[in-house]
Amino acid sequence: MTAHRFRSARRIPAALVALLVLGAAGLLLYDLAAVRADRPAMAWRRELAHRLEVHTPADLGVQVAGGVLALAGAVLLLLAFTPGIRRILMMRGPDRDGEPDAGPPLRAGIGRKDAAQVLRDRAMEVPGVRSARVRMGRSRVRVRATSHFRELDEVRADLDAVIAVGIEELGLVHPPRPRLRVRRRAD
């Protein structure tokens with residue numbers, strides 16, 4: 001079973017758009033029913049019909065309004081199809097094969113900043129590392145460490161081993177590749 005990334009709920013924008021569409025559809029349906037009942041159309045609809053008689057699709061204002069609406073629709077579609085929570089890294093769930101009544105699969109995630117903090121704490125445990133800065137991406141971990149004693153190659157080898165174990169212990173579905181940079185402290 002593949003783990004899918006978390007998606008943001010986007011409940012408030014979805015509710016607002018739904019209410020807006022519902023209100024517009026209800027107003028249009030009411031006006032159509034009134035016209036069918038031999039009553040005059042609402043003033044906004046008469047005004048809209050008059051404007052459509054005067055302005056053609058060749059008018060600049062109509063083209064600009066159409067472009068703005070098309071752009072707004074494209075942005076809404078983009079927001080609907082893209083995962084919204086990119087700052088959370090997916091973690092592997094526990095192996096529950098063979099367990100009766102295991103229930104629904106568990107989904108777990110860890111924030112990028114939290115994962116970077118865990119790896120930074122691990123890096124600071126390496127002898128010779130005075131300071132460390134970790135930036136966590138989806139596919140890469142960038143570790144910058146400053147050493148104040150020991151040979152840089154030894155520190156880099158120990159740091160590489162510690163970071164590799166730390167990444168494995170995070171239990172990520174797609175473990176990122178580490179990229180290490182160790183420098184001597186400038187006095």
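Colleague: Where does Asp 31 lie, and is Asp 31 buried or exposed?

Modeller: Helices (H or I, at least four residues) and strands (E, at least two) are DSSP runs, numbered from the N terminus, and Asp 31 lies in helix 1. A residue is called buried under 20% relative accessible area, exposed over 50%, and partly exposed in between, with a 1.4 Å probe and protein chains only. Asp 31 counts as buried because its relative accessibility is 0%. Please keep in mind that this is a predicted model, in which local features need pLDDT of at least 70 and side-chain atom pairs count only at pLDDT 80 or more, while totals for chains, interfaces and linings use all residues. Residues are numbered from 1 along each chain as its sequence is written, and side-chain values use heavy atoms, with hydrogens and water left out.

Colleague: Which residues is Asp 31 in contact with, leaving aside its neighbours within four places in sequence?

Modeller: Contact means heavy atoms within 4.5 Å. With those neighbours left aside, Asp 31 is in contact with Ala 41, Met 42, Trp 44 and Arg 45. Of these, Trp 44 lies in helix 2, and Trp 44 counts as partly exposed because its relative accessibility is 37%.

Colleague: How should I read a nonpolar surface patch, and which residues make the one here?

Modeller: Patches are made of residues with over 30% relative accessible area and no salt bridge, where like charges are joined within 9 Å and nonpolar side chains (Val, Leu, Ile, Met, Phe, Trp, Tyr) within 5 Å. A salt bridge is a side-chain nitrogen of Lys or Arg within 4 Å of a carboxyl oxygen of Asp or Glu, and accessible areas come from the Shrake-Rupley method with a 1.4 Å probe, where for residues only the protein chains shown count as cover. Here Leu 27, Leu 28, Leu 32, Trp 44, Leu 48 and Leu 52 make a nonpolar patch of about 550 Å², and helix 1 (11–36) and helix 2 (43–54) each supply at least two of its residues.

Colleague: Which residues gather in the patch of positive charge?

Modeller: Lys and Arg count as positive and Asp and Glu as negative, while His and the chain ends are not counted; the place of a charge is taken as NZ of Lys, CZ of Arg, CG of Asp or CD of Glu. On the surface, the positive patch gathers Arg 133, Arg 135, Arg 142, Arg 144, Arg 179, Arg 181 and Arg 183. Strand 3 (129–136), strand 4 (140–147) and strand 5 each supply at least two residues of this patch, and the largest share, 3 residues, comes from strand 5, where Arg 179 is found.

Colleague: What is the place of Pro 176, and which residues does Pro 176 touch beyond four places away in sequence?

Modeller: Pro 176 sits in the loop between helix 5 (152–170) and strand 5 (177–184), and Pro 176 counts as buried because its relative accessible area is 4%. Not counting residues up to four places away, Pro 176 touches Met 136, Gly 137, Arg 138, Ser 139, Arg 140, Val 141 and Ile 167. Although Pro 176 and Met 136 are 40 residues apart in sequence, their C-alpha atoms are 8.3 Å apart in space.

Colleague: What is the phi of Asp 38, and what is the phi of Arg 150?

Modeller: Asp 38 has a positive phi of about 60° although it is not a glycine, and Arg 150, which is not a glycine either, has a positive phi of about 75°.
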